[in-house]
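The following exercises concern the open spaces in a protein chain. Please study the sequence and the structure before reading each solution.

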Amino acid sequence: PVTVRCHAHSTPMQPAQSPSARSKQPVPEPEAINISVNDTGSRAITIQWSMEKAEEKVAYELLIGSGKVEAAKLESKYRGHGVAYRLDELLPGKEYFAQVRAYTEGDSKRPYGESKVVTVKTLPEVPDKPLQLRLAGRTKNSLTVKWNASSPNGSDITAYHLYWDEGQEDGDFVLHVSGLQKQHKIVKLAQGGTYRFKV
């Protein structure tokens with residue numbers, strides 16, 4: 001007789017997958033929002049936007065920032081169902097950064113749609129008048145006057161013009177000096193004379 005022994009055969013068990021090892025559902029990319037700038041002024045601009053695949057109930061958020069684009073902090077200026085918003089109380093000749101995001105009623109944290117960050121710039125204005133023209137020093141035959149810098153309002157200041165009446169006191173002013181300096185000394189004046197200036 002032949003004796004045959006049977007060996008038990010077991011199938012190795014597969015290790016259970018941890019929840020973190022399971023494949024995650026991919027997060028859909030936000031829908032593209034087109035953004036445009038209209039009615040650009042020196043202190044106000046109108047921003048409009050549109051989205052091709054917008055759901056019926058979508059809330060839009062307009063974010064605005066300024067400074068350097070790498071470090072610009074965008075702050076919410078509008079949130080609602082409109083597709084345009086006018087920004088007021090801006091500074092002339094200054095760059096701002098704008099972005100629009102869209103949210104559904106079911107998810108108010110993850111953007112359903114998003115635009116690129118765009119740069120908008122207000123129009124420049126004429127520089128403000130120099131302030132605080134004043135006497136900075138005097139001697140027997142000289143006067144030194146100075147003034148504060150003008151706010152450029154987005155324009156390039158090329159020169160300050162200092163006018164005086166040459167001691168005539170007849171109301172007529174003539175140009176005395178022109179330049180970017182904010183202080184000037186007038187010499188060879190008559191002792192005890194009276195002079196008027198404007199800048």
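A pocket is an open set of points on a 1 Å grid over the protein atoms alone, where a 1.4 Å probe fits, with protein on both sides within 12 Å along at least five of seven lines; lining residues have an atom within 4 Å of a point. Grid points are joined across faces, edges and corners, and a volume is the space filled by probe spheres set on the points. The model is predicted, so local features need pLDDT of at least 70 and side-chain atom pairs pLDDT 80 or more, while totals for chains, interfaces and linings use all residues. Residues are numbered from 1 along each chain as its sequence is written, and side-chain values use heavy atoms, without hydrogens and water.

**Exercise 1.** Describe the second largest pocket.

*Solution.*
Step 1. The second largest pocket holds about 180 Å³ of space.
Step 2. Of its 13 lining residues, Ile64, Lys77, Leu87, Leu90 and Tyr96 are the closest to its centre.
Step 3. Two or more lining residues come from each of the strands (DSSP runs of E, at least two residues, numbered from the N terminus) β4 (58-66), β5 (75-80) and β6 (84-87).

**Exercise 2.** Describe the largest pocket.

*Solution.*
Step 1. The volume of the largest pocket is about 260 Å³.
Step 2. It is lined by 14 residues, and Asp128, Pro130, Ser150, Ala159 and Tyr160 are the closest to its centre.

**Exercise 3.** State how many helices and strands the protein chain has.

*Solution.*
Step 1. A helix is a DSSP run of H or I with at least four residues.
Step 2. The protein chain has 0 helices and 15 strands.
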